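Biologist: I have just opened this model and would like a short tour. Could you take me through it step by step?
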Amino acid sequence: MSQALLKASGIGVRFGGLKALDGIDYAVGERELSCIIGPNGAGKSTFLNVLTGTLRPSQGSVLFAGTSITGLGLNRIARLGVARKFQIPSVFPSLSVEENLDVARWGTASAARSTKELLELVQLDRVAGKLAGELAHGQKQWLEIGMAIAIGPKLLLLDEPTAGMTPQETLATAELLLRLKGEFSIVAVEHDIRFVRALDCETLVLHQGRKLRSGPFREIEADETVRNVYLGRR
Amino acid sequence: MTERDRNWLTLFATGLILLIVYPFFADGYQLTVIRDALIFGLFAASLDFFWGRTGILCFGHAAFFGLGGYVMALITLNGSVPLAGLVGLLGAIAAAALLAAVIGYFLFFGGIRGSYFTIVTLATGVICQQAAISWSSVTGGDSGLIGIPPLEIDFAGIRIDLGQDLASYVFISIIVAIVVLLLWQLSRGRWGKVLTAIQDNEVRAAALGHNASLRLLLTFVVSAAIAGLAGALYVCMAGLIAPDLSGLLLSTEVTVWVAVGGRGTLLGPVVGALVIQRAQQEISSFNPSLWPLILGLLFIVIVFALPDGVLSIFSRLKAIFRKTEPAR
């Protein structure tokens, strides 16, 4: 693995008496693509919140490029180069698609792509003038991915990017991420196994707040324990 | 340029032409009536710049208007300040901006939004009015300050004496037109789009790197500064200031002007201020106690029936005509 861009060690999170996460070590190298999977309630979203610095872990620490980002303001975290796509598509409904991307580009000083390039990248150039609130669900998801890319991140975190997408859209999303791989680090939290299979990358499996397995997806898929808790029960 | 922008500019140009033509038909008194109404129109536009763009209502905007007025009055009445007119205007703007910066800093960075913001600003307005009444050694108490001289600016070879009705009418018209045009430019450009984004989803905007609290604070400060300017202009036209001008009633009225004229349009609130003040004069002339009732009723009707303001009737009619047109 190349030098770690994001390093989480001994992460534990408690909500009252409930242990949501327990003793998780995790690292993402620069320009690497990786996935986090696990059944419902495994703690995926909680873990992502810890990684993005929006949730302070009860134990352990998260370092992004060698410094702690936990507890920093959302805008500071974004300016350091951490982009996030939320689980519920959150675009700006009163602005047009183009304006959404403009606003995203203006947020940081590190925007690498022009709005036109972004529109083409996420295949929304034909609806550039349409209000984002009027887009179809899949298009909203793509717009939000485009907005996250727009800030010119070092690390892109995606929370269930393909939720609610058709199988074709899901595969197209995987292709998009594979195209972006190598440009910046990407972590995708997913539920949809077809998507993860298409990405075929380093994968962390969470189960009941603990790390169950980690490794290349092919090995994960072949693993007996993982099949039992997760893959077998689709 | 979008269709919306073209409509706005057309309306703006129409308004300008009416303002230019009016002096040929009106006498001095009528000019001063429109002039004073325009100052309140500027005040309404200042509130709209904040409320219309952020969706957060400031219910104590008269505090900034009144503060600007008092600062202007104190500086010009002092007698020893050089360039008192100019210093008074700048001082009024700065004082209102500073008050907004202090209040806004704690509210925005403390995460206060929505109706809580409205309530705190309402209380601020009440406090300011109370301060104006109680601190009588400076503010003149209940009766306020009188004898404020007309605006006279003599600076760098430019001499403006606004003792004349026509001169002051022209001066105010120009100021209002320029400020409204600037606010419009700010609203439709990058600044306004980011504000719309923050209004839509503040967390998302922050996650893209925008400092939402700072952006809201600066917008609030600009809005208050213009309210302070309007207050300062008003006192040197009227020649007096009283605690009412920072109070709850004026804050309510300006909210109604904006709501009636159309929130987020900047021009609508100016029109709203002109029309409603005219109506107020007509109605008060035969029964003074009727006006607050009508004002309240009007507000309720607007909020329920025409939430986008009276001017939205035109776009609604347009939409109806389009629907009834045969499909091409």
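Modeller: Let us begin with a term: two strands pair if DSSP finds at least two bridges between them. Helices (H or I, at least four residues) and strands (E, at least two) are themselves DSSP runs, numbered from the N terminus. Please note that this is a predicted model, in which local features need pLDDT of at least 70 and side-chain atom pairs count only at pLDDT 80 or more, while totals for chains, interfaces and linings use all residues. Residues are numbered from 1 along each chain as its sequence is written, chains are lettered from A and ligands numbered from 1 in the order in which they are written, and side-chain values use heavy atoms, with hydrogens and water left out.

Biologist: Which strand order does the open sheet in chain A have?
Modeller: The open sheet has 4 strands in the order β2-β1-β4-β5 (chain A), and the pairing is antiparallel. Its edge strands, each pairing on one side only, are β2 (18-29) and β5 of chain A.

Biologist: How many bridges do β1 and β2 of chain A share?
Modeller: Strand β1 (residues 4-15) of chain A pairs with β2(A) over 8 bridges, in the antiparallel sense. A:Ala4 stands opposite A:Gly29 in β2(A), and A:Arg14 stands opposite A:Lys19 in β2(A).

Biologist: What lies between those two strands, β1(A) and β2(A)?
Modeller: They form a hairpin with 2 residues between them, and A:Gly16 in the turn has a positive phi of about 60°.

Biologist: And which residue stands opposite A:Ser9 in β4(A)?
Modeller: That is A:Ser61. β1(A) and strand β4 (residues 59-64) of chain A pair in the antiparallel sense over 5 bridges.

Biologist: Changing topic, how many salt bridges are there over all chains?
Modeller: The count comes to 17 salt bridges over all chains. A salt bridge here is a side-chain nitrogen of Lys or Arg within 4 Å of a carboxyl oxygen of Asp or Glu. Side chains of opposite charge can pair when their charged atoms come close.

Biologist: Back to A:Lys19, then. Which side chain meets A:Lys19 in a salt bridge?
Modeller: The side chain of A:Asp22 does, at 3.8 Å, N to O. A:Lys19, A:Asp22 and A:Arg210 are linked in a network of salt bridges.

Biologist: Is A:Asp22 buried or exposed?
Modeller: A:Asp22 is buried, because its relative accessible area is 17%, and buried means under 20% relative accessible area, exposed over 50%, partly exposed in between (1.4 Å probe, protein chains only). A:Lys19 is partly exposed, with a relative accessible area of 43%.

Biologist: What about the salt bridge of B:Arg35 and B:Asp36?
Modeller: Their side chains meet at 3.0 Å, N to O. Both B:Arg35 and B:Asp36 are buried.

Biologist: Now the interface. How many residues does each chain bring to the contact?
Modeller: Chain B brings 16 residues and chain A brings 22 residues, where contact means heavy atoms within 4.5 Å. About 1700 Å² is buried between chain B and chain A, and carbon and sulfur atoms give 66% of this area. Buried area is the accessible area (1.4 Å probe) that two parts lose on being put together, summed over both.

Biologist: Which three residues supply 36% of the area that chain B buries against chain A?
Modeller: They are B:Lys193, B:Arg204 and B:Leu208, which supply more than any other three residues.

Biologist: How many salt bridges cross the interface of chain B and chain A?
Modeller: The rule finds 2 salt bridges there. In one of them, the side chains of A:Glu99 and B:Lys193 meet at 3.6 Å, N to O. This pair runs from helix α3 (residues 97-106) of chain A, which holds A:Glu99, to helix α8 (residues 190-200) of chain B, which holds B:Lys193. A:Glu99 is partly exposed, with a relative accessible area of 21%.

Biologist: Finally, where does A:Leu124 lie?
Modeller: A:Leu124 lies in the loop between α4 (115-121) and α5 (137-150) of chain A. This residue is buried, with a relative accessible area of 2%. Leaving aside neighbours within four places in sequence, A:Leu124 is in contact with A:Val97, A:Leu119, A:Gln139, A:Trp142 and A:Leu143.
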